[in-house]
Amino acid sequence: MPEHQQGPFDLTYFLKSALAGGICCSITHGALTPVDVVKTRIQLEPQTYNRGMITAFSQIIKNEGLVALGTGFGPTAVGYFVQGWFKFGGVEYFKVMGANFFGERDAYKYRFPIYLGAAAAAEFVADIFLSPLEATRIRLVSDPKYASGLISAFPKILAQDGLIKGFYSGFGPLLFKQVPYTMAKFAVQGWAAELIYKSANIDAKKASEGTKLTVALSSGVIAGVAAAVISHPADTLLSLVNKQGAGGDGSISSRLINLARAAGLKKLLLVGLAPRCVMIGTLTAGQFAIFDSVMGAVGATKFHFVDPDEKH
């Protein structure tokens, strides 16, 4: 255990972390369902929604009504609660394990590689559970008449396409999207928070709660935008491959190759990027703020890397 005592980091701590992660991800992703609907439509139908994010909002409301912006809310809220449970809980678990393995001094020295490794491992596990719900969400957004919601869509997809094709066709793109996204999200947020405190000459340990919240939100926005840019090409492929019949009838890899060739590099990199940056920047800032608040409410103190050369 490090010289500067923290914890205890036992099963109760990790369950509290998982609960806080599920709550923060479910709330933020659920609240931003309308933005995600617009982003997905722009990716799937760029020939129709090609005049920017605001105009796309207006088009959808005019053609389908305000209720269309809530399409996919069920699988989004449920899916991201499950994903947040494993992601935030997993990151805390792997961070603590990494810090214990290296010891306090080396853990602080290698804190960013530990962030990256913890985030990658946690996200991989989380995506196994997220993939079926994300596939269901995209199916509902791409074809609002397919089913009335999660409960009716889930068994319908399973019956029509089977487990693998129906729910895991997008697992590869999901990993390529979510793993780099989560790695950037946690590492960049940690780096940005340190930089903000240092630039403003603020001692993080003595900062007020208001200052800490401001730094968390600011660093969260920076991390969210960086993560959105890194993960956007895979996000576009994920939206495309879960559209019924997309990419042909071959293997998942052949379908992805066909879709990537048809889309072209520009579409993969840029189409839908602006609304995705808005969405991810906003929800990432919100997630870190809500996570910290819930952890405090359940009586858990987050693990943090400690500089052994600083006086405590």
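The dialogue below goes through these features one by one.

Tutor: This is a predicted model, in which local features need pLDDT of at least 70 and side-chain atom pairs count only at pLDDT 80 or more, while totals for chains, interfaces and linings use all residues. Residues are numbered from 1 along each chain as its sequence is written, and side-chain values use heavy atoms, with hydrogens and water left out.

Student: How many salt bridges does the rule give?

Tutor: Side chains of opposite charge can pair when their charged atoms come close. The rule asks for a side-chain nitrogen of Lys or Arg within 4 Å of a carboxyl oxygen of Asp or Glu. By this criterion the count is 10 salt bridges. In one of them, R41 pairs with E64, with 2.8 Å between the closest N and O atoms. This pair links distant parts of the chain, since R41 belongs to helix 2 (residues 33-44) and E64 to helix 3 (residues 53-64), 23 residues apart. Helices here are DSSP runs of H or I with at least four residues, numbered from the N terminus.

Student: Is R41 buried or exposed?

Tutor: Burial is read from relative accessible area: buried is under 20%, exposed is over 50%, and partly exposed lies in between (1.4 Å probe, protein chains only). R41 counts as buried because its relative accessibility is 2%, whereas E64, at 32%, is partly exposed.

Student: Which residue does K95 meet in a salt bridge?

Tutor: K95 meets E92, with an N to O distance of 3.1 Å. Both residues lie in helix 4 (residues 73-102), 3 residues apart, about one turn of the helix. K95 has a relative accessible area of 5% and is therefore buried; E92 is buried too, at 3%.

A further salt bridge joins D292 and K302 at 3.3 Å, N to O. D292 is in helix 12 (residues 273-297) and K302 in the segment after helix 12, so the pair ties together parts that are 10 residues apart in sequence. D292 is partly exposed at 34%, and K302 is partly exposed at 28%. Salt bridges can also form a network, as they do among D36, K39, E134 and R137.

Student: What is Q83 in contact with, leaving aside its neighbours within four places in sequence?

Tutor: Contact means heavy atoms within 4.5 Å. Q83, which is placed in helix 4, is in contact with C25, E123, A126, D127, L130 and Q178. Q83 is buried, with 0% relative accessibility.

Student: Which helix gives the most to the lining of the second largest pocket?

Tutor: Rolling a probe the size of a water molecule over the atoms shows where empty space is left. On a 1 Å grid over the protein atoms alone, a pocket is an open set of points where a 1.4 Å probe fits, with protein on both sides within 12 Å along at least five of seven lines; lining residues have an atom within 4 Å of a point. Volume is the space filled by probe spheres set on the points, which are joined across faces, edges and corners. The second largest pocket holds about 160 Å³ of space. Helix 4 gives the most to its lining, with 6 residues. Among the lining residues are F14, W85, Y93 and V125.

Student: How many disulfides does a search of the whole structure find?

Tutor: A disulfide is a covalent bond between the sulfur atoms of two cysteines. The criterion is a pair of cysteine sulfur atoms within 2.5 Å. The search finds 0 disulfides. C24 is in none, its nearest cysteine sulfur being that of C25, 4.1 Å away. C24 is buried at 0% relative accessible area, and C25 is likewise buried at 0%.

Note on methods. Helices (H or I, at least four residues) and strands (E, at least two) are DSSP runs, numbered from the N terminus.
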